Amino acid sequence: MSSASKMKKRPPVLATMSRVIAAVVSGYLFTYAATGALSRILPLPPADAVVVATLPAFALYSLAMLWAFAARNAWYAWLPLLFAVPLALVAFWPQLQRTLA
């Protein structure tokens with residue numbers, strides 16, 4: 001028997017569900033953090049920066065969802081969540097500091 005036949009395969013439904021959840025949750029958190037970070041670093045008045053940062057959010061969310069299904073395996077589908085953490089720190093650090101102070 002080969003080693004591949006000895007290994008138990010997970011049902012494909014679980015991998016698909018993991019990718020769907022990764023696409024929705026991880027994609028949303030990545031887009032939310034990227035929009036917040038972009039609105040923070042744009043050299044515009046705050047209202048204009050939010051509007052300009054929101055425009056690419058639709059494309060970012062679509063790309064994050066496509067990434068979840070184009071990834072080699074289900075673990076790579078969760079990769080945008082790792083990028084969301086530093087973006088969220090850039091975007092929301094000033095509010096966090098004011099809240100903790």
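In the predicted model, Ser-26 makes contacts with Ile-21, Ala-77, Trp-78, Pro-80 and Leu-81, when residues up to four places away in sequence are not counted. Ser-26 itself lies in helix H2, which spans residues 12-41. The relative accessibility of Ser-26 is 0%. Because burial is assigned under 20% relative accessible area, Ser-26 counts as buried.

The setting of this residue is a protein with six helices and zero strands. Read from the N terminus on, the elements follow the order α-α-α-α-α-α. Helix H2, the location of Ser-26, is one of these elements.

Contacts across the chain were also considered. Among contacts in the protein with a separation of 6 or more, 76% are accounted for by residues 24 or more positions apart.

The overall dimensions were then compared with those of a globule. The protein has a radius of gyration of 18 Å, whereas a value near 13 Å would apply to a compact globule of 101 residues. Along the principal axes, the C-alpha atoms fill a box of roughly 65 × 30 × 15 Å.

With regard to burial and surface, 24% of the 101 residues of the protein count as buried, and Ser-26 belongs to the buried residues. The accessible surface of the protein amounts to about 7,400 Å². Carbon and sulfur atoms contribute 76% of this surface.

Key:
Residues are numbered from 1 along each chain as its sequence is written. This is a predicted model: local features need pLDDT of at least 70, side-chain atom pairs count only at pLDDT 80 or more; totals for chains, interfaces and linings use all residues. Side-chain values use heavy atoms; hydrogens and water are left out. Helices (H or I, at least four residues) and strands (E, at least two) are DSSP runs, numbered from the N terminus. The radius of gyration is taken over C-alpha atoms; the globule rule is 2.2 Å times the number of residues to the power 0.38. Buried means under 20% relative accessible area, exposed over 50%, partly exposed in between (1.4 Å probe, protein chains only). Contact means heavy atoms within 4.5 Å. Accessible areas come from the Shrake-Rupley method with a 1.4 Å probe; for residues, only the protein chains shown count as cover.
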